[in-house]
Amino acid sequence: MLYWDHAATTPPYKEVVETMAEIMKQHYGNPSALHQAGEDAAKLLKRAREVCAATLEVQPSEIVFTSGATEGNNIAIKGAAIQYRSRGQHLITTKTEHPSVYECFKQLEGLGWEVTYLPVDENGVVDLQQISEAVRKDTVLVSIMHVNNETGTIQPLAEIGNLIKAKNSRTLFHVDGVQGFGKLPVSLKDWKADLYTLSAHKFKGPKGAGILYVRQGVTLFPLLAGGSQENGQRPGTENVAAAVAVAKAMRLAQERQEQFCDKIGKLRNLLLEEIRNIPEFVLNSSRQGAPHIVHFSYPGLKPEVLVHTLEELGMLVSTKSACSSKNSEPSRVLTAMGKDKELAASGIRISLGWEHTEDDANRLVHALHQSVEKLRPLTVKRG
């Protein structure tokens, strides 16, 4: 089986697994405890925070360890909205955000906040002029992802951040960085980001672990009540082994980012060209997208049929994102990009990882052609 679902999750680095297992065995003390075992655990946690901070070129005190991006996004968005509601109750996001961001705004909207959901163009990119026009004096927060988890669309974060701050310097800028870290350059300073979330299992780290960057000077209302761990933002006994594993995975991913972009980007271009030449497929990803995601539709066919056909041929691909793949509704992301219902309901995502080779890509292309030949009689003709 060839695994083509790295945007859903990645196989962890061997070094990460070994490090995590060693710490769980030998350094199981509670970092808040005053005895030697606790102090040893606290030192490991401190070092992990320093490594994560250095990777992002920020301060260790600005790193909050979380269980992943869903928790991080909720802490950032809801925490900022509640903490700064005296400034106003206006929030901005896009129509194509990950569910862990989009649903946060839907909840806040139901509780009385006003939310502007920005549209995107046919490639999934938000319009800079519309962002500038949307920011108001009472805008507390803008949240825009780095890379779209379905199509691989890259948002121009530096331009967006500068526009936001030029319009209202007090408006906070949150970036969901899950699909971008380790694949593309990251510069929180250039983006003028106040909040940034990551999930370790997207860059060969452990599941159930991630970080939230909270710029110094920004206060978030704590969603959980408890102890003072993680600057009070995330109370509860810290998962030291996971924190160290996150730090190791971040360091390795950053060191190999340029190499990843070059190697995997070439394979993506190969797949884009081959898929474009299959008449039954409609590409939804642009050439300017992230190096690891290819998205296309097979109109007239339920996407799960193609997924299972490819699986029989040894290829594991996905529909939509992992967080919404069991939802049979048309893709919210593709709909926002102007795709009709048939295209939006028949999307397939291929996402690449370090392990893939040109031979693997050619095998996938062959399997796609085989699948089309087999499924063509089942396809409902358009129009």
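**Salt bridges and burial**

Visitor: Why is Glu 15 called partly exposed?
Guide: This is a predicted model. In it, Glu 15 has a relative accessible area of 32%. Buried means under 20% and exposed over 50%. Glu 15 falls in between, so it counts as partly exposed.

Visitor: What makes Arg 256 and Glu 15 a salt bridge?
Guide: Their side chains meet at 3.8 Å, N to O. The cut-off is within 4 Å, so the pair qualifies. Arg 256 lies in the loop between H8 and H9 and Glu 15 in helix H1, so the bridge ties together parts that are 241 residues apart in sequence.

Visitor: How do you know that Asp 5 and Arg 349 form a salt bridge?
Guide: Their closest N and O atoms are 3.2 Å apart. That is within 4 Å, so the pair counts. Asp 5 sits in the loop between strand E1 and helix H1, and Arg 349 in strand E12, so parts 344 residues apart in sequence are tied together.

Visitor: Are these two partners buried or exposed, and why?
Guide: Asp 5 has 14% relative accessibility. Arg 349 has 1%. Both values are under 20%, so both residues are buried.

Visitor: What makes Lys 165 and Asp 194 a salt bridge?
Guide: The N to O distance is 2.7 Å. The limit is 4 Å, so the pair counts as a bridge. Lys 165 is in helix H6, and Asp 194 in the loop between helix H7 and strand E7.

Visitor: Why is Ile 278 called buried?
Guide: Its relative accessibility is 3%, under the 20% cut-off, so Ile 278 is buried. Ile 278 touches Leu 368, His 369 and Val 372.

Conventions: Residues numbered from 1 in each chain as written. Predicted model: local features only at pLDDT ≥ 70, side-chain atom pairs only at ≥ 80, totals over all residues. Heavy atoms only, no water. Buried < 20%, exposed > 50% of the residue type's maximum accessible area, 1.4 Å probe, protein only. Contact = heavy atoms within 4.5 Å. Helix = DSSP H or I, 4+ residues; strand = E, 2+ residues; numbered from the N terminus. Lists of a residue's contacts leave out its neighbours within four places in sequence.
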